[in-house]
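Me: I am new to this structure and would like to go through it step by step. Could you show it first, please?

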Amino acid sequence: MGSFDWRARLAPARANVLLLASLPSQVFVVLLLELLNSYRNFGLRFVKYSFITNEYGLSDLEAGALLGVAGNVSMAFLILGSVVIDLFGVRRTAIFSLSCAVVSRALIVFGRSRAALLTSLLVLSPLGEQLLSVGLYKVALKKLTPPRARPLVFAVQYATFNLAGALCDVYIDHARTQPDEVYFGQVFTGLRRFLFTTWLAILAALAIAVLYLRDQTVIDPDDPEEDGVASGGDEGGDGAKHLIAAAAPSDGGGGGWRRDNPFAAARAWRA
């Protein structure tokens, strides 16, 4: 029997690791935003019906009617979402949507009146949270990766999406069994405290978007699927196109640095 070649077996995995490491830091910013956004999205979706009936005293019929109207309003914004992203870019859309989502989720978490619930679900949620559900971060990842890297990056995005859902499931199961607690004279049930963590996730996502998210398009000039290196800005007027390159130690002495094509190492391992 021949010897087992661990290097050959691990070469594809190593190539993928090198490929991920070569991508711009913006890719990982977007993936972090995707994790927070998915946690926000799953968090409310999983408990929305039971929360509004138990916390706000709506009957089953009233809850069904409210969620039906909210769904129709949200659908309209989902249809308009792609147009908004094209017009204003990923960063501006994300900041606007997250700002609305912060207020919308705060009304649900801290509000006690039906007026607060209606304002959140019918006005602010479509403006904010639904615009975040139109593939906003998928558009960003597509712009930040050349064609050969997209399958891997989208696979990581999907894993991130599922990780957020799993975290919500575990936390919700725990929250349902927790006793009520009083903060500042207000009763907070286990589910309300869980939704409070989704509000914190939105706040964190907003801070990251303001401080770190940029509208960029990355191009690998060696990729045969690319049409070439274009110049000028992206949608929204504040983007930029960049050649994908990463700093690597030079072969010469003196500790200098050069700009290399980061995909060369990955291609070498695949070969």
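Me: Which residues form a nonpolar patch on the surface?
Reply: V83, L87 and F88 do, with about 290 Å² of accessible area together. Patches are made of residues with over 30% relative accessible area and no salt bridge, where like charges are joined within 9 Å and nonpolar side chains (Val, Leu, Ile, Met, Phe, Trp, Tyr) within 5 Å. Accessible areas come from the Shrake-Rupley method with a 1.4 Å probe, and for residues only the protein chains shown count as cover.

Me: Before we go on, what kind of model is this?
Reply: This is a predicted model, in which local features need pLDDT of at least 70 and side-chain atom pairs count only at pLDDT 80 or more, while totals for chains, interfaces and linings use all residues. Residues are numbered from 1 along each chain as its sequence is written, and side-chain values use heavy atoms, with hydrogens and water left out.

Me: Where is F88 placed?
Reply: F88 is in helix α3, residues 60-110. Helices (H or I, at least four residues) and strands (E, at least two) are DSSP runs, numbered from the N terminus. F88 counts as partly exposed because its relative accessibility is 43%; buried means under 20% relative accessible area, exposed over 50%, and partly exposed in between (1.4 Å probe, protein chains only).

Me: How do α3 and α4 cross?
Reply: The axes of α3 and helix α4 (residues 114-127) come within 6 Å and cross at roughly 40°. That makes α3 oblique to α4. Angles under 35 degrees count as roughly parallel, over 145 as roughly antiparallel, 65 to 115 as roughly perpendicular and the rest as oblique. Axes are lines fitted to C-alpha atoms, for helices over the stretch in contact, and angles run from 0 to 180 degrees between N-to-C directions.

Me: Changing topic, how many helices and strands are there?
Reply: The protein has 8 helices and 6 strands. Along the sequence, the pattern is α-α-α-α-α-α-β-β-α-β-β-β-β-α. Of its 271 residues, 43% count as buried.

Me: Is L19 buried or exposed?
Reply: L19 counts as buried, at 1% relative accessibility. This residue is in helix α1, residues 6-22. The C-alpha atoms of L19 and A149 are separated by 7.2 Å, although the two are 130 residues apart along the chain.

Me: And what about A101, buried or exposed?
Reply: A101 is buried, with a relative accessible area of 0%, and is found in helix α3. A101 and G128 are 4.7 Å apart, C-alpha to C-alpha, and 27 residues apart in sequence.

Me: How many salt bridges are found?
Reply: A search of the whole structure finds 3 salt bridges. A salt bridge is a side-chain nitrogen of Lys or Arg within 4 Å of a carboxyl oxygen of Asp or Glu.

Me: What does E55 pair with?
Reply: E55 forms a salt bridge with R192, with the closest N and O atoms 3.0 Å apart. E55 lies in helix α2 (residues 25-55) and R192 in helix α7 (residues 190-212), so the pair ties together parts that are 137 residues apart in sequence. R192 is buried, at 0% relative accessible area, whereas E55 is partly exposed, at 22%.

Me: Which residue does E62 pair with?
Reply: E62 forms a salt bridge with R114, the closest N and O atoms being 3.5 Å apart. The pair links helix α3, where E62 lies, with helix α4, where R114 lies, 52 residues apart.
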